[in-house]
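Colleague: I would like to go through this model with you. Please keep the answers plain.

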Amino acid sequence: MNTIEKLREPQYEGFLDEFRCKSFSKGQLFSIPSMGNNEVFIVHSGRVRVYLSYEGREFTLCFLEPGDIFSTHTRAFLETCKDSTLMLVGAEIFRDKIAKFPELSIVMTGILGEALGSTLDLIEGLIFHDARYRLIEFVLSWGQTSGEQTAEGLRFECDLSMEDISLLIGTTRQTTSSLMNNLIRNGYLYRDGRKNFIISRLDDLKSLLDSRSNRTK
């Protein structure tokens, strides 16, 4: 059950009343730090990228999926990766609602904690690890979080583009594509359709991370 479904349960009646729905087209940058707007939103449909920008480089912190809650009052840029619909409400109104339903604050804390964790992972990766390491870490994380074990290996769906993945691991699309093809050529990973992948050598892929981590110590 995602956040929107939960908020429509009888015990939270009225919580969503003052939220307004707004649609955004793919690739629309709808919030930047200098705007100074202060709203809370729930992703109703689509996907939102949360990222930082520094000296012309972009660093993706996380992707928000349907049901995720976030705020425009941060130092991050917010951009839609797909045609998306958001449910928005002013931050002050949201605070009043949380005061009435304090148990819901953990929902907000969870996604903000994920964004913070992603920020620390990104910093660590950029300082201590190369792009290949960061790609392998991404593949393993995505596969182990959302995949299912099959006879061929760990199968998972990933509808992120190479551009999305490159922004997430802090490198170029060309580098990401080349490194991904290298993993496929060496039999660690293979495609199973347009959006599906299978990690066929899971333990070997984990060992690559372990060996590279040990070399940085």
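Colleague: Which residues line the largest cavity?

Modeller: This is a predicted model. The structure holds one cavity of 30 Å³ or more. The lining of the largest cavity consists of Phe-138, Val-139, Phe-156, Cys-158, Ile-165, Met-180, Leu-189 and Phe-197.

Colleague: How many nonpolar residues does the lining of the largest cavity have?

Modeller: The space in this cavity comes to about 40 Å³. By class, its lining has no charged and no polar residues, and the nonpolar count is eight.

Colleague: Is Thr-176 buried or exposed?

Modeller: Thr-176 sits in helix 6, which covers residues 173-185. Leaving aside neighbours within four places in sequence, Thr-176 has contacts that include Leu-135, Met-162 and Ile-165. Buried means under 20% relative accessible area. The relative accessibility of Thr-176 is 0%, so Thr-176 counts as buried.

Colleague: Which strands stand at the edges of the open sheet of four strands?

Modeller: The strand order in this open sheet is 9-10-12-11, and the pairing is antiparallel. An edge strand here has a single partner strand, so one side of it is left without a neighbour in the sheet; the two at the edges are strand 9 (148-149) and strand 11 (189-191).

Colleague: Which residue in strand 12 stands opposite Tyr-190?

Modeller: Strands of a sheet pair through backbone hydrogen bonds, either parallel or antiparallel. Strand 11 pairs with strand 12 (residues 196-199) in the antiparallel sense, over three bridges. In strand 12, the residue opposite Tyr-190 is Ile-198.

Note on methods:
Residues numbered from 1 in each chain as written. Predicted model: local features only at pLDDT ≥ 70, side-chain atom pairs only at ≥ 80, totals over all residues. Heavy atoms only, no water. 1 Å grid on protein atoms, 1.4 Å probe; cavity = no way out; pocket = protein on both sides within 12 Å on 5 of 7 lines; lining within 4 Å. Points joined across faces, edges and corners; volume = space filled by probe spheres on them. Nonpolar A, V, L, I, M, F, W, Y, C, P; charged D, E, K, R; others polar. Buried < 20%, exposed > 50% of the residue type's maximum accessible area, 1.4 Å probe, protein only. Contact = heavy atoms within 4.5 Å. Pairing = 2+ DSSP bridges.
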